[in-house]
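Please look at the sequence and the structure shown below, and keep them in view while reading the report that follows.

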Amino acid sequence: MRYLSVLLVFLLLTSCKEKSNSNEILVSNYFNYGDSLETAGVKMIPIQTPVGEFKVWTKRFGTNPKIKILLLHGGPAMTHEYMECFETFFQREGFEFYEYDQLGSYYSDQPTDSTLWTTERFVEEVEQVRKAIGADSSNFYVIGNSWGGILGMEYALKYQKNLKGLIIGNMMASATEYGAYANEVLAKQMKLEVLSEIRALEAKKDFANPRYMELLLPNFYKEHLCRLDEWPDAVNRSFKHVNNEVYTLMQGPSEFGIGGRLAKWDVKNRLKEIAVPTLMVGAKYDTMDPKAMEEQSKLVQNGSYLYCPNGSHLAMWDDQKVFMNGVIQFIKEVDKGK
């Protein structure tokens, strides 16, 4: 009897050791990028453009040949920093994913040739990054937020043959409709005296006036961009590092509608061309109409809709559990072929 007890203990310990070793191997593989020089996953990827070669900053997390995710930040010319919240969630799931600063953004090269700042050129940049990270239609997912959502839709319209799944967070498919929602719905929620002062500054194109942001921050940004009482450090860093020249050229001087090169951007009637599984994310307090986001999920051929009842434009922060759980579930279902 005693011999049997000793044998059971030995088998139990051996089993635990094997499981421990197995887990260690899995973790070791996950963080093994095959680099001769360890750089914590950071690589400057060369990008060919019509005006020469430049480099863009990327940071890799994990190794998973089945799931490779590229994060497309907003702006244009914000940074990857406000998307750092994906790190803990996606690493816990064992996803391979990449933070990435688009050309012109803080951690990437910042050329001054204004001909570079077009949607079409950015799409070609994303395609070059895809090739550099070794992703293809069997494993490539794109997550785009805000301007990154524009870029994600445009990329899918040209290169969906290279995609497995698409996630568009908080971006309507029509800049005109977005502007109308901001001016006809959200603006009317402001105090009349506040809106009047904002409109007066806009009429004079006095966007550089500090008073303009003083009004927008508490009355618009805190209501519709990020509703947390204290903005996360990652969000603040992203705003601190924005390339205002590129941002203003393409987006306009504020998030209160689009006024730059993107003012007439519209692919709503082309969404029916997107056949890859697509998740559209909307939020109650967003700068984007959540009903429009739901409609977009029905316009694509294979769409799903995620609604964040407590979220705004950065629902990944102010309705984090709903946002992250929904995105992760979508990725897992696409991976399983559902």
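The protein exposes about 15,900 Å² of surface, and carbon and sulfur atoms supply 53% of that area; accessible areas come from the Shrake-Rupley method with a 1.4 Å probe, and for residues only the protein chains shown count as cover. This is a predicted model, in which local features need a pLDDT of at least 70 and side-chain atom pairs count only at pLDDT 80 or more, while totals for chains, interfaces and linings use all residues. Residues are numbered from 1 along each chain as its sequence is written, and side-chain values use heavy atoms, with hydrogens and water left out.

## The protein as a whole

Of the 338 residues in the protein, 53% are buried, where buried means under 20% relative accessible area, exposed means over 50%, and partly exposed lies in between, with a 1.4 Å probe and protein chains only. The secondary structure comes to 12 helices and 8 strands; here helices (H or I, at least four residues) and strands (E, at least two) are DSSP runs, numbered from the N terminus.

A compact globule of 338 residues would have a radius of gyration near 20 Å, and the protein has 22 Å, which agrees. This radius is taken over C-alpha atoms, and the globule rule is 2.2 Å times the number of residues to the power 0.38. Taken along the principal axes, the C-alpha atoms fill a box of roughly 90 × 45 × 40 Å.

Among contacts between residues at least 6 apart in sequence, 72% join residues at least 24 apart, a contact meaning heavy atoms within 4.5 Å.

## Aromatic rings

A pair of aromatic rings is described by the distance of the centres and the angle of the planes. Rings of Phe, Tyr and Trp (its six-membered ring) pair if their centres lie within 6.5 Å, and planes under 30 degrees apart count as stacked, over 60 as edge-to-face and the rest as tilted. A search of the whole structure finds 17 aromatic pairs. In one of them, the rings of Trp57 and Tyr107 have their centres 5.7 Å apart and their planes at 45 degrees, so this pair is tilted. Because Trp57 lies in strand E2 (residues 52-61) and Tyr107 in the loop between strand E4 (96-101) and helix H3 (119-133), the pair ties together parts that are 50 residues apart in sequence. Elsewhere, ring pairs link Phe61, Phe86, Phe90, Phe95, Phe97 and Phe323 into a cluster.

## Backbone features

Most residues other than glycine have a negative phi, and most peptide bonds are trans. Against this background, a cis peptide bond joins Gly75 and Pro76, with omega about 0 degrees. Pro76 is placed in the loop between strand E3 (68-72) and helix H2 (86-93), and Ala77 is found in the loop between E3 and H2 as well. Ala77 has a phi near 75 degrees, a positive value in a residue other than glycine. Lys205, in the loop between helix H6 (192-203) and helix H7 (210-224), also has a positive phi, near 55 degrees.

## Residues and their surroundings

The table gives the relative accessible area of several residues.

| Residue | Relative accessible area | Class |
|---|---|---|
| Trp57 | 11% | buried |
| Ala77 | 2% | buried |
| Tyr107 | 31% | partly exposed |
| Gln110 | 40% | partly exposed |
| Glu120 | 58% | exposed |
| Met172 | 3% | buried |
| Lys205 | 67% | exposed |

Which residues does Met172 touch, not counting residues up to four places away in sequence? They are Met153, Glu177, Tyr178, Trp265, Met288, Asp289, Ala292, Met293 and Gln296. Met172 itself is in the loop between strand E6 (165-169) and helix H5 (175-186), and its C-alpha atom is 7.9 Å from that of Gln296, although the two residues are 124 apart in sequence.

Gln110, found in the loop between E4 and H3, is in contact with Gly104, Ser105 and Asn243, leaving aside its neighbours within four places in sequence. The C-alpha atoms of Gln110 and Thr88 are separated by 29 Å, with the two residues 22 apart along the chain. Glu120 belongs to helix H3, and Glu120 and Lys158, 38 residues apart in sequence, are 9.7 Å apart in space, C-alpha to C-alpha.
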